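Welcome, and thanks for taking a look at this one with us. Please have your viewer open as you read.

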Amino acid sequence: MIWRDNLRIAVGGATSNKLRSLLTMLGVLIGVAAVIILVAVGTGSSLSVQNNIERLGTNTLTVLNSGRFGGRATTGTQTQAATITLADVRAMQDPSQAPDVESVSPVVSTTVTATFSGATDTSAAVTGSTPSYLTASDDTVEAGSSITSSEVTNRSRVVVIGQTVVSDLFANENPIGQTIQLGSSSFQVVGVLAEKGASGIQDPNNVVIAPYTAVQDELTGESSSFTELLVQGKSNGTLDLAQSEVETILAAANNTTVANLPFTIINEASLLSTASSTSSTFTVLLAAVAAISLLVGGIGVMNIMLVTVTERTREIGIRKAIGAPKSVILAQFLYEAVFLSLLGGIGGVLISVIGSQFKIAGVVPVIAPYSIFLALGVAVAVGVFFGFYPANRAASLRPIDALRYE
Amino acid sequence: MRSLVTERPPKPIIPKPIIAIRNIWKTYAMGEAEVRALRGVSLTIDRGDFVAIMGDSGSGKSTMMNILGCLDVPSKGWFWLDGVDVRGLDEVALSQVRSRKIGFVFQSYNLIPRTTALANVELPLAYAGVRPKERRARAVAALEAVCLEARLDHLPSEMSGGQQQRVAVARAIVTNPSMILADEPTGNLDTAAAEDVMAIFNRLNAEGRTVVLITHEADIAQFAKRVIRLRDGEIVEDRRQAAVEGLPPRLAESSTIRTAGATS
């Protein structure tokens, strides 16, 4: 027997009852499509989480001044709030004390109403900092120039503004060189930031960046403390070292231990690894759910093959009587099962490729190539596995019994 | 002495019989009871013979047919099919024997549905591993032999019973088997179609093929050269109607009539 003939017989068998074969394929199709799409959703969401975190800069530490909210260092009768001071910043910038720190950007932040000749932009987030902030937070200046160190020292009232602020305040004018009102103070626009992708609820483009000195002077009031520090490590690998150096400096400055530090330090690298492990767990979970539907599809194949074998018992008997060996009958029904599941699998791949063009639950699915091969492979394996029992049953029929079957 | 030995005439080449059965028993367990379908049957069928095995239901003729067709194995006894000892052959070997030595014709035609006449006839050759080109040529020739060359691409559902049975006969002869085994081949056919099918058997036998016919109809048995009657699992009658070497009786008759008509 030439296997091609047997394959043709098997395909003929599968196509003889089109509706039934179609429904069987549908089971596998849904299973395969579910695996691919759900894995794509998982991959897509984990990619977007990673992008969001990477946008913050993966080699940065954020020191948050949580001391204001209760982390008070109490020394005898004297109660004082733990604050991040300029002295702390200077210490961290000292390479002998903090060799793994690339740059330290003190941040003063507030929210103000920005206006330009009558047009109002409500609640722009104002960040007062130093030029290194833009590098650490992965902001790039698209037009004009960044704020400079001398502007920080000179307490110059200059700003770099985000795209949302540009579109809200300036209709057609070039914003560079214009003067805008932040609260009651006027600042001159020196630069425009490049568009940044949304990383959550907050609009990353609705920002105003100015020298911290000017923000302290004009908006938050004269103060020696900062809202937060953005510390950039020398490299990804040494971020943990940089963190411990920062912690040591802050502990010494506040007369406390590292464990009792009244600040919250967010390590972006560890945040990224946590987030990606969370999202990969999520992906595995989705894939497992989808795999169950593939299994159900496989059981459907088995069910139909059992029906087919029973229905074609007589035909099997005839084939055996005219000389078909057991192996050929086995192959015929296995081919038929694999044909159904493979066709269903291919259909599933097509459907999932189409389906992943759409946003699903706010996530842009990203098809993982491995999931296509995996799902197709599993579909074929399902055909072989669930087809084997019915095929073997057919092949083991005694011709005399099969011929007598009505 | 010496000359006697050398001048001894050569042994005549006796053709091996197609079927040699010795003391065959077949018993089935039917629940508690044991049914003895065949009770010590011995039978020899020569090459070129046309044998009708007759019997009423329960006589054991179906069991006989299954054993002769290698669809079933005897419980006891010896069976040589064309010189091959069939006892103790496994499933794979039996399917090979069936494929090479036996052409089946069934009462209910048993064509594969949704498959053209040509494909049905090609199938035994496909299972025997014959190449597609040769397969097709042989299948067409077999269908021509049963006068169905115009129906190559017809499906079984598009043909009459007689035509279907003729396709089945074509399928049986296409592998050039040692023996054609027909189980009630005319049971589902009207008289005219039955005559057609029997005429084909006559012609095949006249060409030298061995035909074994299982039937319960006496007028069908009239076509055979030899009639064997089974009752209760034993042979009760073995009657020869024509010589193995000659034409089958009906064909001989008609040719005699024709000859007689020509001379007068």
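The model is predicted. Chain A has 406 residues, of which 44% are buried, and in chain B buried residues make up 44% of 264.

**Overall make-up**

- Chain A contains 13 helices and 14 strands, while chain B has 9 helices and 10 strands.
- If you are interested in contact order, take the contacts in chain A between residues at least 6 apart in sequence: 83% of them join residues at least 24 apart.
- For chain B, contacts with a separation of 6 or more are 70% between residues 24 or more positions apart.

**A sheet in chain B**

- Four strands of chain B form an open sheet, ordered E2-E1-E4-E5, and their pairing is antiparallel.
- The edges of this sheet are strand E2 (33-45) and strand E5 (84-85) of chain B, each of which pairs on one side only.
- Helix H2 (residues 61-68) of chain B packs on the sheet and touches E1, E2 and E4 of chain B. The direction of this helix makes about 120 degrees with that of E1(B).
- Within the sheet, strand E1 (residues 19-30) and strand E4 (residues 76-81) of chain B are antiparallel and share 5 bridges.
- One pair to look up is B:Arg22, whose bridge partner in E4(B) is B:Trp78.

**Strand E1 of chain A**

- Strand E1 (residues 60-64) of chain A is largely enclosed by the rest of the structure, because 4 of its 5 residues are buried.
- Strand E13 (residues 228-233) of chain A runs antiparallel to E1(A) and is joined to it by 5 bridges. Here A:Thr60 stands opposite A:Gln232.
- E1(A) also runs antiparallel to strand E14 (residues 264-267) of chain A, with 4 bridges between them. In that pairing A:Leu61 has A:Asn267 as its bridge partner.

**Where the chains meet**

- Chain A brings 17 residues to the contact and chain B brings 19.
- On the chain B side, helix H3 (91-101) and helix H4 (117-127) each supply at least two residues.
- Which helix gives the most to the side of chain B that touches chain A? That is H3(B), with 5 residues.
- Sorted by class, the side of chain B that touches chain A has 9 nonpolar, 5 polar and 5 charged residues.

**Nonpolar cores**

- Nonpolar side chains tend to be buried together in soluble globular proteins.
- The largest nonpolar core holds 127 residues, and the members that touch the most others are A:Val32, A:Val35, A:Ile36, B:Ile53 and B:Ala170.
- Helix H2 (residues 18-56) of chain A provides the largest share of this core, 14 residues.
- Leaving aside residues up to four places away in sequence, B:Ala170 touches B:Val121, B:Ala142, B:Leu143, B:Ala145, B:Val146 and B:Leu148.
- Another core lies apart from the largest one and has 54 residues, including A:Ala98, A:Val152, A:Leu219 and A:Phe226.

**Helix H7 of chain A**

- A:Leu219 turns up again in helix H7 (residues 212-220) of chain A, where A:Tyr212, A:Thr213, A:Ala214, A:Val215 and A:Glu218 are buried along with A:Leu219.
- After H7(A) comes A:Gly221, which has a positive phi, near 85 degrees.

Key: Residues numbered from 1 in each chain as written. Chains lettered and ligands numbered in written order. Predicted model: local features only at pLDDT ≥ 70, side-chain atom pairs only at ≥ 80, totals over all residues. Buried ≥ 20, exposed ≤ 12 C-beta atoms within 10 Å, placed from the backbone. Contact = placed C-beta atoms within 7 Å. Pairing = 2+ DSSP bridges. Axes fitted to C-alpha atoms, helices over the stretch in contact; angles between N-to-C directions. Nonpolar A, V, L, I, M, F, W, Y, C, P; charged D, E, K, R; others polar. Core = buried A, V, L, I, M, F, W, Y, C linked by C-beta atoms within 7 Å.
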